[in-house]
Amino acid sequence: MGRQSKRTELDADFTEFVEANAHRIRALAQWLSGDPDRAADLAQSALERTYARWGRIQVGDPMAYVRKALLNQQRDWWRRRQHRPEWPTAEVPDVRSQDDHAASLAQRDAMLAALAQLTRRERQVLVLRYYADLSDAQIAAELGIAIGTVKSTASRGLRKMRVLLSSAGAPVPADW
């Protein structure tokens, strides 16, 4: 197989992967960053890194690679931003019934605002656990920390989230 046809095949495989997972990748980036514009940049950067190594990672678990790239990109952004720690947030509208689309958007906004007030590690652990649905062992491997650290960080993060959501008048999920 020629070099050009192999590249064409890799490009087609990558395109198929992105089309199948774009929504999950963008949503994960949104939860990690808390900002739609930052999430788009984050997802794009992670996909650029993934594309550059696609020939090596496509046979394994490419979503694991993308998650790790998202985490690394977000971590790098946080490090660069430490001299400006403020997080602009929109005012959360009054919460109505759960059937109301505006209420679910308001709840999401309250959740993002509360996540923004957690430490970087607490946010990463909670997003990977509750959004990406990873186990403690998988989270520990992705973040390079001990399983006990994942558990204690998740517990601390959830405790903070309960307080933050309650003080904002937002509903706290029953399983927290």
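Everything below comes from a predicted model, where local features need pLDDT of at least 70, side-chain atom pairs count only at pLDDT 80 or more, and totals for chains, interfaces and linings use all residues. Residues are numbered from 1 along each chain as its sequence is written, and side-chain values use heavy atoms, with hydrogens and water left out.

View 1. Helices (H or I, at least four residues) and strands (E, at least two) are DSSP runs, numbered from the N terminus.

View 2. Tucked away in H2 are Arg 38, Ala 39, Leu 42, Ala 43, Ala 46, Leu 47 and Thr 50, which are buried. Look down the axis and the buried residues of H2 fall within an arc of 165 degrees, so they line one face of the helix; the arc is that of the directions from the helix axis to the C-beta atoms. On the face turned away from that buried side sit the exposed residues Asp 37 and Ala 52. Buried means under 20% relative accessible area, exposed over 50%, and partly exposed in between (1.4 Å probe, protein chains only).

View 3. The whole structure holds 4 aromatic pairs; rings of Phe, Tyr and Trp (its six-membered ring) pair if their centres lie within 6.5 Å, with planes under 30 degrees apart counted as stacked, over 60 as edge-to-face and the rest as tilted. Phe 14 and Tyr 51 make an edge-to-face pair, 5.1 Å centre to centre with 65 degrees between the planes. Phe 14 belongs to helix H1 (residues 3–33) and Tyr 51 to H2, so this pair ties together parts 37 residues apart in sequence. Phe 14 is buried at 11% relative accessibility, while Tyr 51 is partly exposed at 34%. Phe 17 and Trp 54 form a tilted pair, 5.1 Å centre to centre and 40 degrees between the planes. With Phe 17 in H1 and Trp 54 in helix H3 (residues 54–57), that pair also links parts 37 residues apart in sequence. Phe 17 is buried at 10% relative accessibility, and Trp 54 is buried at 3%. Phe 14, Phe 17, Tyr 51 and Trp 54 form one aromatic cluster.

**View 4. Arg 67 and its surroundings.** Arg 67 sits in helix H4 (residues 62–80) and is buried at 9% relative accessibility. Setting aside neighbours within four places in sequence, Arg 67 is in contact with Leu 28, Asp 61, Leu 128, Ala 132, Leu 134 and Glu 142. Contact means heavy atoms within 4.5 Å.

**View 5. Gln 124 and its surroundings.** Gln 124 is part of helix H6 (residues 120–131) and is buried at 3% relative accessibility. Again leaving out neighbours within four places in sequence, Gln 124 is in contact with Leu 32, Leu 71, Arg 75, Trp 78 and Leu 143.
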